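Please look over the sequence and the model, then read the points below.

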Amino acid sequence: MITWGCQMNVYDSARMTDVLRPLGYAPVDDPAQADMIILNTCHIRDRAAEKVFSELGRLRHIKEERSTEGRQTVLAVAGCVAQAEGEQILKRAPYVDIVLGPQTYHRLPEMVARAARAGGSVIDTDFPAEQKFDFLPDSEAPQTAGNVTAFLTVQEGCDKFCSFCVVPYTRGAEASRPVASVLAEARRMVASGVRELTLLGQNVNAYHGEGPDGGTWSLAQLAYALAEIPGLERIRYMTSHPRDMGDDLIMAHRDLPALMPFLHLPVQAGSDKILKAMNRGHTADEYRHLVDRLRAVRPDLALSSDFIVGHPGETDEDFEATMQLIRDVGFALAYSFKYSIRPGTPAAGAPLQVAEAVKDERLQALQALLRDQQDSFNDAVVDVVAPVLFTGRGRKPGQMVGRSPWLQPVHVDGPDDLVGRTVPVLITERRSNSLVGTLVEECMPA
């Protein structure tokens, strides 16, 4: 399994492993030793499809070499590029055996059998009426065994149709898993050692799953139920949309200690004109007001966001409005990108495309401001005692690494038995992408 892209793809790869296990497949580290190679793809970044075809050329050599040795290799392309490109993959790379979209991997065993019977390629990029989660086997959480943190997909798809985004076309309409299914998988993960769960969705706070009472539950209701699972210490969720941040979810940040004070809430731009062109459905001031409400109930809340510079029609004044929003809000972490055309999206054919040189200049200025804010946020926790959930060994002998409540990596010198425990740590130093601390001795066992 070769996985590119978002955390949801990581989760999907693990579930594909689950559905293939009854056929005798198990993960291997070296593609040259694999009887089946799945390339689980992402379509968000620029030139995503070309990167896939480049990788397929490398995998073709592995498949051909194994064939000369009498070893068969099933080569599959999954994920969002598979959904977007479909038949084009088979035209350009006819040696691919299976092409499957992100909504059909529950049918992967059937596809493997069809490909073997037909001796040709199989493609399945439908958006089936049934939800794939209703047909996936109950995972015994082997992908999380021994892990302290894990991802759990609870919602997929998007109905927002932002002008720049391919997700509605590759992931389909918004759909949510039933509450019982989510809770059952969460309990299995916790039983395997997971102490922190990150709930995933393209618009995760649009979650509207069927509850055990037959009604529709919100993400807030789901979070309250998850918080009652013994052994689950921390809950996070991403990615959120400002339009779906309901009052009950804001109050959950007040009421649930397990809900970590770190929220990824993409805004994309600070100009109302550009937000309208993006079809975001909110204004810059509405975003500011939402942040104020969140910080009123959870003063230690840290925010993360996404920004796109150079959307068609963006002027210098529009860009300055984005910079001002960043100054007004303050972000602990952010992801920023130049706008790039995605074929089939509304913005692809929009007039007033911004020159690459202008986008480069704006991105550099925006990233410098965001980096200063990230450094300032990390500086603010130096000399603070913070609860750190330890996840594993660091790179150096005797070094352990964990996460602060605000998702910062924290390194300390300590024993291996810290893994899986939340321990107070005095933060002593801020480095470029992590923190350094010392264990608070009085909290350690004798």
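In what order do the three strands of the open sheet stand, and is their pairing parallel or antiparallel? The order is E6-E9-E12, and the strands pair in the parallel sense. The model is a predicted one.

**The open sheet**

- Strand E6 (149–153) and strand E12 (234–238) are the edge strands; each has a single partner strand, so one side of each is left without a neighbour in the sheet.
- From one strand to the next, the twist averages 25 degrees.
- Five parallel bridges link E6 to strand E9 (residues 196–200).
- Within this pairing, Leu 152 stands opposite Leu 199 of E9.
- Helix H7 (residues 179–191) packs on the sheet and touches E6 and E9. The direction of H7 makes about 165 degrees with that of E6.

**The barrel**

- Five strands form a closed barrel in the order E16-E17-E18-E20-E19, and the pairing is mixed.
- Strand E16 (residues 385–393) pairs with strand E17 (residues 399–403) through four bridges in the antiparallel sense.
- Gly 392 has Val 401 in E17 as its bridge partner.
- As a general point, strands of a sheet pair through backbone hydrogen bonds, either parallel or antiparallel.

**Strand E3 and the cavity beside it**

- Strand E3 (74–79) supplies at least two residues of the lining of the largest cavity, as does helix H1 (7–20).
- Six of the six residues of E3 are buried.
- Strand E2 (residues 36–41) runs parallel to E3 and is joined to E3 by six bridges; Met 36 has Val 74 in E3 as its bridge partner.
- Strand E4 (residues 98–100) also pairs with E3 in the parallel sense, over three bridges. Ala 76 is the bridge partner of Ile 98 in E4.
- How many cavities of 30 Å³ or more does the structure hold? It holds one, and the largest cavity contains about 30 Å³ of space.
- The lining of the largest cavity consists of Asp 12, Met 16, Asn 40, Ala 78, Gly 79, Leu 100, Gly 101, Pro 102 and Tyr 105.
- By class, five of these lining residues are nonpolar, three are polar and one is charged.

**The second largest pocket**

- The second largest pocket has a volume of about 550 Å³.
- Its lining has 28 residues, and Phe 262, Leu 333, Tyr 335, Leu 407 and Gln 408 lie nearest the centre.
- At least two lining residues come from each of E6, E12, strand E13 (262–264), strand E15 (333–338), helix H13 (356–380) and E17.
- The lining of this pocket divides into 14 nonpolar, 12 polar and two charged residues.

**Helix H8**

- Helix H8 (residues 219–226) is mostly covered, with six of its eight residues buried.
- Those buried residues are Leu 219, Ala 220, Leu 222, Ala 223, Ala 225 and Leu 226.
- They pack against H7, E9, strand E11 (216–217), E12 and helix H9 (247–255).

**Backbone exceptions**

- Most residues other than glycine have a negative phi, and most peptide bonds are trans.
- Between Met 238 and Thr 239 the peptide bond is cis, with omega near 0 degrees. Thr 239 lies in the loop between E12 and H9.
- Asn 279, which is not a glycine, has a positive phi of about 65 degrees. Asn 279 sits in the loop between helix H10 (272–277) and helix H11 (284–297), and is partly exposed, with a relative accessible area of 37%.
- Leu 352 also has a positive phi, near 60 degrees. The loop that holds Leu 352 is the one between E15 and H13. Is Leu 352 buried or exposed? Leu 352 is exposed, because its relative accessible area is 66% and the cut-off for exposed is over 50%.

**Glu 85**

- Glu 85 belongs to helix H3 (residues 80–85).
- With a relative accessible area of 25%, Glu 85 is partly exposed.
- Leaving out residues up to four places away in sequence, Glu 85 touches His 43 and Ala 49.
- Glu 85 and Val 267 are 182 residues apart in sequence, and their C-alpha atoms are 29 Å apart in space.

Notes. Residues numbered from 1 in each chain as written. Predicted model: local features only at pLDDT ≥ 70, side-chain atom pairs only at ≥ 80, totals over all residues. Heavy atoms only, no water. Pairing = 2+ DSSP bridges. Axes fitted to C-alpha atoms, helices over the stretch in contact; angles between N-to-C directions. Contact = heavy atoms within 4.5 Å. Buried < 20%, exposed > 50% of the residue type's maximum accessible area, 1.4 Å probe, protein only. 1 Å grid on protein atoms, 1.4 Å probe; cavity = no way out; pocket = protein on both sides within 12 Å on 5 of 7 lines; lining within 4 Å. Points joined across faces, edges and corners; volume = space filled by probe spheres on them. Nonpolar A, V, L, I, M, F, W, Y, C, P; charged D, E, K, R; others polar.
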